[in-house]
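User: Please examine the protein shown here and answer some questions on its fold.

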Amino acid sequence: MTDIANWLGDEAESLLTHQCRGIPRESLYLPGPDFVGRVVADSDRGPAVMRNLQALFDHGRLAGTGYLSLLPVDQGIEHSAGASFAPNPAYFDPANIVELAIEGGCNGVASTLGVLASVARRYAHRIPMMLKLNHNETLSHPAIFDQTLFAQVEQAFDMGCVAVGATIYFGSHESRRQIMEISEAFARAHELGMVTVLWAYLRNPAFKLEGTDYHVAADLTGQANHLAATLKADIVKQKLPETNGGYRAVGFGHTHDRVYDALTTDHPIDLARYQVANCYMGRAGLINSGGGSKGASDLAEAVRTAVINKRAGGMGLISGRKAFQKPMGEGVALLHAIQDVYLDPTVTVA
């Protein structure tokens, strides 16, 4: 098992002993082996959706825990194939992407229409697959920032996927169209029995102000999470919060003083707890993203993110570039280190 305290370094005591006061753990619907029957069964989700969500929970090293470790590889479109796979050209081959997820003990693998379709017959029965429906392609010049549908829900169903994923750039001028598109797609996915996962990201130049990036503010990402849950996302993917006070700094929208004075502090677990609260107090599971690869610090950063997510009441981690932009053995070790956080009973919900 991973020496979690060692990888947390000077932050170990703060991250492993902190207790949330503003939104107590007793208010949350926490992950667990019975999550589908205890929480999802209250909803209008059909039996096939519940079965496929349980299939995700029952796969990989975290099987039976109610936590998720997912491998997402849509960066070939989002960041270009060269930028994504040049560090390890083996991953130009979609089979190696899925093999990494299998060897890494992941609950499932998320990728593009082309990647999953090219190997679906070999792998659909071996690991749960999630088709990412839309992308921001980066070949357009000058660059635009818009999520465009690349696939249909029926294509995910036909290749045996248990889930579909999508991104909405909340805060952008294009977000209203994206909301309508993904609302329709998620409704169709639920009709066909598939789980829905929303990348609830923010995108607006005005959210960067005086050297602070409020795209990762707890109040703004929390609202994005709330919108994702409103669209009936079963699982919400969000970046870990790094700051707060986006509404106040940018000077728009609506907020309340208690968000900052009572419900949150500047502690990273409290900020992530606010994200969980906006996922209907955990009825929609929060998975935080692993972020880009920085090299030698990747494993420590991944462990830190997993600890914050778990202790905040989140449902797991979805980490891609930190795992696939290095040799497969190192990628597997990093994924296992993330999973060890969720398997360690001493890392409790704050």
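**Strand β11 and its surroundings**

User: In β11, which residue is the bridge partner of lysine 237?

Analyst: This is a predicted model, in which local features need pLDDT of at least 70, side-chain atom pairs count only at pLDDT 80 or more, and totals for chains, interfaces and linings use all residues. Residues are numbered from 1 along each chain as its sequence is written, and side-chain values use heavy atoms, with hydrogens and water left out. Strands are DSSP runs of E with at least two residues, numbered from the N terminus, and two of them pair if DSSP finds at least two bridges between them. Strand β10 (residues 235-238) runs parallel to β11 and is joined to it by four bridges; in β11, the partner of lysine 237 is isoleucine 287.

User: Which residue of β12 is the bridge partner of serine 289?

Analyst: Strand β12 (residues 316-318) is parallel to β11, with three bridges between them. In β12, serine 289 has as its bridge partner isoleucine 318.

User: How many residues of β11 are buried?

Analyst: Buried means under 20% relative accessible area, with a 1.4 Å probe and protein chains only. On one side of β11, Gly285, Ile287 and Ser289 are buried, and on the other Leu286 and Asn288 are buried. Of the five residues of β11 (residues 285-289), the number buried is five.

User: What share of the 350 residues of the protein is buried?

Analyst: The C-alpha atoms fill a box of roughly 50 × 45 × 45 Å along the principal axes. Among the 350 residues, the buried share is 56%.

Key
Buried < 20%, exposed > 50% of the residue type's maximum accessible area, 1.4 Å probe, protein only.
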